[in-house]
Amino acid sequence: IREIRLKSRPVGLPTADNFELASVELPAPGPGEVQVRNTWMTVDPYMRGRMNDVKSYTPPFALGKAMEGGAIGEVVASNDPSLKVGDLVQSMFGWREGFTAPASSVTKLETHGLPPQAFLGVAGMPGLTAYAGLLRIAALKPGDVVFVSGGAGAVGSMVCQIAKLKGHKVIASAGGAEKVAFLKELGVDEAIDYKAEADLTAALQRAAPEGVDVYFENVGGDHLEAAITVANPFARFALCGMISQYNATTPPVGPRNIILAVGKSLRLEGFIVSNHWDMMSDFAKDLAGWHAAGKLKWKETVKEGIERAPEAFLGLFAGENFGKMLVKL
Ligand code: NDP
């Protein structure tokens with residue numbers, strides 16, 4: 001099988017040269033092990049952090065080794081009674097076409113009628129991130145006006161829809177006219193093309209003259225400053241990510257208006273989805289209900305072949321994806 005290894009650590013925006021494609025022979029599964037042929041893998045913005053050699057909530061990727069991440073595959077050989085050939089499994093052994101590993105390191109996947117790759121997006125980690133960030137961290141309550149940046153991405157497009165399903169006014173931002181059209185398809189009330197706005201704060205003020213009560217932060221920088229300025233007293237900010245800063249080579253400045261957080265009594269709270277896995281069953285139940293009622297929309301941007309995984313990953317920073325960015329193996 002083929003796998004993608006981290007060849008060198010990027011400085012700033014990663015390039016294709018930071019990755020290498022290698023071939024390996026998979027050993028037959030020993031006792032308690034399975035062999036899996038991956039069919040889908042995900043690329044996610046957080047992986048940029050793992051390319052750096054710094055201590056974080058996930059350890060750095062090792063140089064010269066296969067990278068890691070979410071994947072879905074099919075068992076092709078099993079030496080463990082818990083799994084049989086043909087079973088669908090989810091694992092963290094992405095960035096490779098297949099693997100041999102202990103059966104205990106993979107989870108059997110029940111798709112409940114959804115396409116398997118949905119469990120890397122709308123029904124998986126990104127979906128739960130939207131749900132936990134909005135409902136638990138931002139403590140969404142009736143009447144809140146919601147603003148979400150990165151609204152057309154995997155997490156953002158779910159934030160838009162969950163907030164709309166719960167009856168809120170939703171303002172979302174994304175880059176470009178096509179993404180604005182996608183945001184409208186998702187049902188948001190106001191869509192901001194941040195690439196076309198010289199003054200994001202003014203654009204947000206126009207979109208939300210009544211102010212913003214909940215900000216779901218995916219981008220950082222100007223977006224965070226705009227949200228702080230337009231926030232109503234006691235607004236809650238769920239700090240999910242700040243992708244505009246992941247490739248920064250010098251420490252970014254701001255938010256320059258953070259002092260407003262004092263007078264407005266704002267609450268800014270960061271979170272990592274892995275600390276909110278206890279919400280998965282509630283999320284799965286709500287999701288199944290919304291899906292059955294035909295109320296959920298989602299898009300995927302798919303690249304085919306392991307050799308295109310680096311390109312898919314880099315595409316996240318160029319905004320190539322509508323909804324979830326995936327690699328089909
Ligand atoms: P997305 O599907 O949203 O893909 C990334 C998107 O970010 C791109 O499509 C692009 O959209 C936008 N983007 C890229 N560079 C910039 C930039 N410089 N300025 C503004 N927008 C930019 O990714 P995810 O949904 O997987 O992740 C969204 C956010 O959530 C990220 O910040 C990620 O780190 C975070 N996250 C956090 C988790 C947690 O546990 N806290 C878990 C999962 C995700 P556009 O075309 O609109 O610019």
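In this predicted model, 28 residues surround the ligand. The closest are Gly153, Ala154, Gly175, Gly241 and Gly319. By class, the shell around the ligand has 16 nonpolar, ten polar and two charged residues.

Which helices supply the shell with at least two residues each? They are H2, H3 and helix H9 (309-317). H3 gives the most, with three residues.

Domain 1 and domain 2 each provide at least three residues of the shell around the ligand. The domain assignment sets their bounds as follows.

| Domain | Residues |
|---|---|
| Domain 1 | 2-120 + 298-328 |
| Domain 2 | 125-274 |

The centres of domain 1 and domain 2, taken over C-alpha atoms, are 29 Å apart. Their contact takes 16 residues from domain 1 and 14 residues from domain 2. On the side of domain 1 that touches domain 2, seven residues are nonpolar, six are polar and three are charged.

Now to a pair of helices. Two packed helices are described by the angle between their axes and the distance between the axes. Helix H2 covers residues 125-137, and helix H3 covers residues 154-165. Their axes come within 8 Å and cross at roughly 50°. That angle makes H2 oblique to H3. The crossing of H2 and H3 is right-handed.

Which residues meet here? H2 brings Pro126, Gly127, Thr129, Ala130, Tyr131 and Leu134. H3 brings Ala154, Val155, Met158, Val159, Ile162 and Ala163. By class, this contact of H2 with H3 has ten nonpolar, two polar and no charged residues.

Terms used:
Residues are numbered from 1 along each chain as its sequence is written. This is a predicted model: local features need pLDDT of at least 70, side-chain atom pairs count only at pLDDT 80 or more; totals for chains, interfaces and linings use all residues. Axes are lines fitted to C-alpha atoms, for helices over the stretch in contact, and angles run from 0 to 180 degrees between N-to-C directions. Helices (H or I, at least four residues) and strands (E, at least two) are DSSP runs, numbered from the N terminus. Angles under 35 degrees count as roughly parallel, over 145 as roughly antiparallel, 65 to 115 as roughly perpendicular and the rest as oblique. A crossing is left-handed if the near helix is turned anticlockwise from the far one by less than a right angle, and right-handed if clockwise. Two residues are in contact if their C-beta atoms, placed from the backbone, lie within 7 Å. Ala, Val, Leu, Ile, Met, Phe, Trp, Tyr, Cys and Pro count as nonpolar, Asp, Glu, Lys and Arg as charged, and the others, Gly among them, as polar. Domain bounds come from an automatic or database domain assignment. A residue is near a molecule or strand if its C-beta atom, placed from the backbone, lies within 6 Å of it.
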